[in-house]
Amino acid sequence: MFPYQRPRRLRKTEAIRRMVRETSLSPDDFIYPLFVTFGKNIRREIKSMPGCFQESVDRIVKHAKEVHSLGIPAVILFGIPEEKDESGSGAYDPDGVVQKAVKAIKDKIPELCVITDVCMCEYTSHGHCGIVERGEVMNDPTLELLAREAVSHAKAGADMVAPSDMMDGRVEAIRLALDEEGFPEISIMSYAVKYASAFYGPFREAAQSSPKSGDRYSYQMDPPNRREALREAALDIAEGADIIMVKPAMSYLDIISDIRENCDLPVAAYNVSGEYSLIKAAGKLGWIDEKRVMMEVLTSIKRAGADIILTYFAKDAARLLNR
Ligand code: PBG
């Protein structure tokens, strides 16, 4: 039979393509990551992440204003403390870098949603995401510290906390502590499905958080596992998570799609540092069209089922979308 159905009819003009387009991006979809460091008037570019910076609190506020003015609703903060120790005490220091940055940003731009990453790896001398005893990352003793960290962020004025450590039971520990301390309205975006990925390489330069010995395979998920993602998400939902995150994004679109199918909470996906650096590097070399590849990747993450995308491309993409 001759083709009475011709899919090309609906691809004929941009106006028609716009009408039948199934996925669209908006600056509303993005969360922009910021790296806060100690000191004053510091803005240091991260070598492996061109266009991203470690910045002191005064500079972070200016940067957050720029993010807000582009129509991006939220930032997520990572801290680089002046000193690190065995128990990561900088993580829950009321005068820590993140706590100061949250206060300063909320003071100047109250409408901007400020999310904090809750983890120990940026604050511990050994660089692991929890307390280490006899070479082991200890689960239960870490929970109390994570809860303290989350409460200290809430006290500083954070709107939302995002635990990224992958200890079992941490969403419940954080929920209970927040409620007990008078923060029942603070939401938890859980890095529920976080794989032990080589795509985090550039981030570890940015946050100076590489483990000094060993790796993160005993707590982050094994990349070949797909069913396990559903279990991780279900546990965090039962513990009180408000948003479920999948991380990384680009090589894990099947996982994002599974979580979308099986869970009715908002789904976030983290387009991580290595995914950013690959595109930036190839773009610089002139091997790909950086802007088009960026938009294609972000669209694919949305198409797979993410409602929210954490991405270092947020500002570049918002600029294009706002045109
Ligand atoms: C902290 C944390 C990491 C990232 C976000 N939170 C690094 C890691 O787990 O080693 C990675 C983000 C990125 O690569 O962009 N645990």
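How far does a polar side-chain atom of Tyr-312 lie from an oxygen atom of the ligand? The distance is 2.6 Å. The protein buries 100% of the 400 Å² that the ligand exposes when taken alone (accessible areas by the Shrake-Rupley method with a 1.4 Å probe). This is a predicted model, in which local features need pLDDT of at least 70 and side-chain atom pairs count only at pLDDT 80 or more, while totals for chains, interfaces and linings use all residues. Residues are numbered from 1 along each chain as its sequence is written, and side-chain values use heavy atoms, with hydrogens and water left out.

**Ligand surroundings**
- The ligand is surrounded by 19 residues, and Lys-194, Arg-204, Lys-247, Ser-273 and Tyr-312 are the closest (a residue counts if one of its heavy atoms lies within 4 Å).
- The side chain of Lys-194 has an N or O atom 2.7 Å from an oxygen atom of the ligand.
- For Arg-204, an N or O atom of the side chain is likewise 2.7 Å from an oxygen atom of the ligand.
- The shell around the ligand comprises 10 nonpolar, three polar and six charged residues (Ala, Val, Leu, Ile, Met, Phe, Trp, Tyr, Cys and Pro count as nonpolar, Asp, Glu, Lys and Arg as charged, and the others, Gly among them, as polar).

**Largest cavity**
- The ligand takes up the space of the largest cavity (a molecule sits in a cavity if more than half of its atoms lie within 2 Å of its grid points).
- Strand S9 (187-194) and helix H6 (201-206) are the elements that give two or more residues to the shell around the ligand (DSSP runs, helices being H or I with at least four residues and strands E with at least two, numbered from the N terminus).
- S9 and H6 also each supply at least two residues of the lining of the largest cavity.
- Two cavities of 30 Å³ or more are found in the whole structure (on a 1 Å grid over the protein atoms alone, a cavity is a set of points where a 1.4 Å probe fits but cannot get out, and lining residues have an atom within 4 Å of a point).
- The largest has a volume of about 120 Å³ (the space filled by probe spheres set on the points, which are joined across faces, edges and corners).
- Its lining has 16 residues, with Cys-121, Ser-164, Lys-194, Phe-203 and Lys-247 closest to the centre.
- Seven nonpolar, three polar and six charged residues make up this lining.

**Second largest cavity**
- The volume of the second largest cavity is about 30 Å³.
- Its lining consists of Tyr-200, Phe-203, Lys-247, Tyr-270, Val-272, Ser-273 and Tyr-312.
- Five of these lining residues are nonpolar, one is polar and one is charged.

**Backbone**
- The peptide bond from Lys-247 to Pro-248 is cis, with omega near -10°.
- Pro-248 belongs to the loop between strand S10 (243-247) and helix H8 (253-262).
- Asn-41, a residue other than glycine, has a positive phi near 55°.
- The loop that holds Asn-41 is between strand S1 (30-37) and strand S2 (43-45).

Technical notes:
Polar contact = N/O pair within 3.5 Å; in protein donor to acceptor, adjacent residues only side chain to side chain. 1 Å grid on protein atoms, 1.4 Å probe; cavity = no way out; pocket = protein on both sides within 12 Å on 5 of 7 lines; lining within 4 Å.
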